[in-house]
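I opened this model to look up a few local details. My notes follow in the order I took them.

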Amino acid sequence: MERWELNILGCGSALPTTKHFLSSQVINLRGKLYMIDCGEGTQLQFRVMKLQFQRLSHIFLSHLHGDHCFGLPGLISTLGLMGRTADLYVHAQPDAEKIFRPMLDYFCKELPFKVIFNSFNPAKHQLIWEDRSVNVYTIPLKHRVPTAGFLFEEKPKQSHIIREMIDFYHIPVSQINNIKSGVDFVTPEGEVIPNQRLTKPAEPPCRYAYCSDTAYSEKIIPYIEGVDLLYHEATFSNEDLARAKETFHSSAEQAARIAQAAHVKKLILGHFSARYPDETILLKEAQAVFPNTILANERMKIDFS
Ligand SMILES: [Zn+2]
Ligand SMILES: [Zn+2]
């Protein structure tokens, strides 16, 4: 079954509250799990959301503020206790390896698997990971420390064959994969049947963008143009714009303006400041600009395939 599901493990900002966990999400792409950020409590939420540890092979860290990465050593230690043997990739800026490698060497001496740090330059927009399912690009963000968001782009799918046309032209099974990948069919008599007559185009690839933490930055718009889903931080309400500016965070309305300018299909707000007991104020401010906005919440699963 085709699946592209976003799981929200935590969507609070730096100060702990009883309402929110710290930043972490998991994309489930047809059973493969890709984690974005790993705040404290991530491994507990992983369990609560019934995600399978052995399906996780990639962790992407946006930046090295504690609320986005303090959960990493604990999670890795747990994976070791569970007897994992498959390599685990941590995609992050170069300092991540300098910080976490000594911790792993100290606390996880007998780790039965390799932790591979894939370093990237957060100031650049580049492809940092590619496999059969997905391309992952960085999105340079504007924050107090070097920070990158991530764009997950599904690999283009094959076209769908039109069964009646395949039967009509007596196309052999051995040719079906070629037809799905766009090749024309030539009959034994030499007649060329154009591929468009035999196939329907595949659905456009799914695209998801994660932008947290960041001040308002129009520079990201070209990178996230038209994505199916945008997660954008909305730490503050308009009442606290000065604080947002000072701390290099965004307001909900600013997140909505980015969503609107980038023509995204849907916006999900997160990284909420602990100062708002009720985040409806953030939702209202965003929806006034970009109506198709929702609030993130722990244990939320969004299927957008
Ligand atoms: Zn943060
Ligand atoms: Zn931060």
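Entry 1. I started with helix 10, residues 252-261, and listed what is buried there: Ala252, Gln254, Ala255, Ala256, Ile258 and Ala259. I note that the model is predicted. Next I asked what covers the buried residues of helix 10. The cover includes helix 8 (221-224), helix 9 (241-247) and helix 11 (280-287), along with strand 15 (229-233) and strand 16 (267-270). I then checked what follows helix 10 and found histidine 263, with a positive phi near 55°.

Entry 2. I moved to strand 2, residues 24-29. I found 6 of its 6 residues buried, so strand 2 is largely enclosed by the rest of the structure. In a regular strand, side chains alternate between the two faces of the sheet. I sorted strand 2 that way: Ser24, Val26 and Asn28 lie on one side, Gln25, Ile27 and Leu29 on the other, and all are buried.

Entry 3. I looked up the neighbours of strand 2. Strand 1 (residues 4-10) runs antiparallel to strand 2, joined by 6 bridges. Tryptophan 4 has leucine 29 as its bridge partner. Strand 3 (residues 32-38) is also antiparallel to strand 2, again through 6 bridges. Here serine 24 stands opposite cysteine 38. Strands 2 and 3 form a hairpin with 2 residues between them, and arginine 30 in the turn has a positive phi of about 45°.

Entry 4. Last, I checked arginine 207 in strand 14 (residues 207-211). Is arginine 207 buried or exposed? Its relative accessibility is 18%, so I count it as buried. Its side chain makes a 3.2 Å polar contact with the side chain of glutamate 153. The arginine 207 side chain also reaches the backbone oxygen of glutamate 225 at 2.8 Å. Residues touched by arginine 207 include Phe152, Tyr223 and Phe304.

Terms used. Residues are numbered from 1 along each chain as its sequence is written. Chains are lettered from A and ligands numbered from 1 in the order in which they are written. This is a predicted model: local features need pLDDT of at least 70, side-chain atom pairs count only at pLDDT 80 or more; totals for chains, interfaces and linings use all residues. Side-chain values use heavy atoms; hydrogens and water are left out. Helices (H or I, at least four residues) and strands (E, at least two) are DSSP runs, numbered from the N terminus. Buried means under 20% relative accessible area, exposed over 50%, partly exposed in between (1.4 Å probe, protein chains only). A polar contact is a pair of N or O atoms within 3.5 Å; within protein, one must be able to donate a hydrogen and the other to accept it, and residues adjacent in sequence count only if both atoms are side-chain atoms. Contact means heavy atoms within 4.5 Å. Two strands pair if DSSP finds at least two bridges between them. Lists of a residue's contacts leave out its neighbours within four places in sequence.
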